[in-house]
Each structure stands twice: as C-alpha cells, then as structure tokens.
Amino acid sequence: MKQLCQFLHQPLAIGHRPPHPALSLVSACGTVETVIPFFFFILGTVIGSFLNVCISRIPEGLSIISPGSRCPRCLTPIKPYDNIPVFGWLLLRGKCRNCSLSISPMYPLVEFATGLIFLLTYYEYGISLLTLKWLIFSCLIIVLVVTDFRVRLLPDLVNFPGMAMGIVLAFRVPIADSTAGMFFFLLGFRRFPFQSDLFFNVLTAILGALVGSMLLWGAAALYKLVRKREGMGMGDVKMMAMVGSFLGPRGTFLTILLGTLIGTVIGVLWIGILYLYGWKRRVAERAAKRGLGSVSTIRWAIASQYQLPLGTFLGIGALAVAYALPWLLSLADR
Ligand SMILES: [Zn+2]
C-alpha cells in the first residue's frame with residue numbers, strides 16, 4: 001500500500017493538477033493528492049470490467065445488462081470476489097474456478113488500461129466537464145479498439161450513440177478547433193451568421209463527424225477503385241463520424257493520418273512476419289502444384305490479403321490525438 005501511494009504521488013509527465021479544493025478528504029496515506037488519483041484508477045478498472053462485458057457481448061447481439069458475468073462453457077456465475085477487476089483474474093490464474101476453461105488475458109488488460117487512462121485523464125484535466133468528456137470518449141474507443149482487434153467489427157451500437165454523445169457534449173464543452181470559423185470565412189461571411197459560442201461548438205462537432213466519415217468513405221471508394229476489392233468496411237466510416245463529433249475536424253484529420261500511418265507500419269511488419277513464419281504454406285504449396293504460380297508468390301499474395309483491424313489503429317490514433325496533442329501544444333507554448 002505504501003509503495004503504491006508513493007507511486008501515485010509521483011507526478012506523471014502530463015502537467016500535474018492540484019486536487020479540487022472542495023475535496024478535503026484525509027487518506028490513509030495522509031493527503032488528498034493520493035486519494036483522488038487512486039479513486040480515478042479504481043473507478044477506471046471497475047468501468048473497464050463493464051467495457052469487457054460490452055466487448056464480449058455486443059458483437060454477439062447479447063444484452064450487456066443481464067445475466068451477470070458467467071463462464072461461457074459451464075455457465076457458472078462468477079463469484080463477486082473472483083470478479084474484482086484485475087485481481088480476480090490473477091487470483092484464478094486465468095482459469096474458471098469450476099471447469100478450468102482459460103479466461104482471456106484481455107479481461108485484466110482492458111481493466112488495467114482503463115484504470116491507467118482514467119488516471120491520465122485526471123492528471124491532464126483535473127475534475128472538470130472536460131474530464132467527463134474524455135472519459136466517455138476513451139471508454140467508447142477502448143470498446144471499439146478491442147472489438148475490432150478480436151472480431152473485426154465496429155458495432156453500430158457503439159458508433160451511433162457515441163456520435164450523439166459527442167454532439168450533445170459539445171453544447172457544454174467547447175472543442176478547441178477554429179475550422180468552422182475558417183469555413184464560414186471562406187464562404188464569404190465576414191461576420192459569422194450567428195454570434196453564438198453554442199452554435200459554433202455544436203457546428204464544430206457536426207463538421208468533425210462529417211469530415212471524419214467523408215474522408216474515410218472517400219479513401220474506401222478510392223481503394224476499391226484501385227484494388228478492385230473492399231479495403232475497409234462502413235464500420236470504419238461510422239467510427240470516424242463518432243471520433244469527429246468529439247475531436248472536431250482538425251483532430252479527426254490528424255487521427256486519420258496517424259491511424260493509417262500506424263496501421264501501415266504495423267501492417268507491413270505483420271504481413272512480413274506471416275510470410276516469414278510460413279503462414280498458410282500448405283495452401284500455397286497445393287496451389288503451386290496446380291500451376292497457379294510459385295509457392296513464394298502465392299504465399300505473399302495470401303499474406304497480403306490478411307485483414308488488418310483498421311479501427312484498432314484509428315482508435316489508437318484518436319487517443320493519441322485526444323491526450324498527447326494538447327500536452328505537446330502546451331509544451332510548445334512554454
Ligand atoms: Zn467454467
């Protein structure tokens with residue numbers, strides 16, 4: 001406990017914010033500075049546990065509310081003490097207590113990562129509406145990143161309500177983006193048609209959603225035209241509409257650049273690894289015997305057909321833009 005407290009005491013690389021003055025709690029470790037970050041981390045792991053439920057059930061079309069957590073094989077309900085975020089999995093050593101079915105390490109990893117993101121959000125934005133906005137955004141992104149990675153799906157049940165939330169949040173939390181203003185200026189308005197911040201913020205969110213979806217839809221259409229096959233699904237297009245409603249046009253554009261860059265680098269490496277380790281070698285050898293080409297050409301063709309989770313890379317890009325960009329800009333201001 002003491003070590004954990006010492007760890008939490010250390011300010012992260014992100015600008016350390018003083019705690020909210022209204023919360024003058026006294027902790028076991030002595031100060032409020034420890035209690036609040038610790039609370040954010042624990043809250044994150046608990047929410048992460050719920051995100052796991054969303055990740056495993058939404059693609060199957062199952063309810064995320066009932067029944068409670070249970071083993072997928074023997075259907076034994078998971079006991080409350082085994083369901084403690086992160087520790088439950090460690091306690092069980094990754095196996096069902098009843099039938100020893102192994103439980104994916106995805107569960108503790110998602111819980112721990114959500115806890116870390118909650119902690120980071122507190123350090124970057126303190127206790128504010130902005131914190132609430134980025135917590136909601138990162139939860140949506142975590143579900144999409146992991147779901148796309150597992151089953152290559154970006155569910156509408158996450159994308160559409162997420163986009164609506166982004167637009168609703170814009171009523172209260174401004175998006176730092178002047179693109180909407182420039183847009184009006186270019187249209188010839190020397191004065192904005194509505195002198196209202198509210199109008200402007202909501203417009204920025206809607207413009208972000210449009211830019212995100214249109215850019216990705218355009219890229220998908222171009223890809224289909226060039227390579228004569230589907231490169232990305234409509235899931236990516238809808239996901240970027242959601243991302244756009246939170247980040248605005250500029251952040252969305254950066255997300256697409258960063259996401260596709262990460263995706264290209266990892267994609268090329270991964271296809272190379274698949275090729276080197278003889279992925280589908282048997283299939284290629286059979287095809288070569290039928291005179292469809294040399295084994296290596298066929299194996300390369302198969303490896304390059306591997307479907308990469310673009311949504312996962314876009315999600316990582318979106319988190320980087322949401323968290324690292326304001327921090328980098330603040331460094332540049334110093
Ligand atoms: Zn079981």
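**Model walk-through**

Analyst: Of the 334 residues in the protein, 33% are buried (20 or more other C-beta atoms within 10 Å of the residue's own, with C-beta atoms placed from the backbone). This is a predicted model: local features need pLDDT of at least 70, side-chain atom pairs count only at pLDDT 80 or more, and totals for chains, interfaces and linings use all residues. Residues are numbered from 1 along each chain as its sequence is written.

User: How many helices and strands?

Analyst: 12 helices and 0 strands. Both are DSSP runs numbered from the N terminus: helices are H or I, at least four residues, and strands are E, at least two.

User: At what angle do α10 and α11 pack?

Analyst: About 130 degrees, with axes 8 Å apart. Axes are lines fitted to C-alpha atoms over the stretch in contact, and angles run from 0 to 180 degrees between N-to-C directions. That makes α10 oblique to α11, since oblique covers what is left after under 35 degrees (roughly parallel), over 145 (roughly antiparallel) and 65 to 115 (roughly perpendicular).

User: Which α11 residues meet α10?

Analyst: Val-295, Ile-298, Arg-299 and Ile-302. Their partners in α10 include Arg-281 and Glu-285. Contact means C-beta atoms, placed from the backbone, within 7 Å.

User: New topic. Is Leu-310 buried or exposed?

Analyst: Buried, because 24 other C-beta atoms lie within 10 Å. Leu-310 is in helix α12, residues 310-333.

User: How far is Leu-310 from Gly-259?

Analyst: 51 residues in sequence, and 7.7 Å in space, C-alpha to C-alpha.

Definitions and conventions. Buried ≥ 20, exposed ≤ 12 C-beta atoms within 10 Å, placed from the backbone. Contact = placed C-beta atoms within 7 Å.
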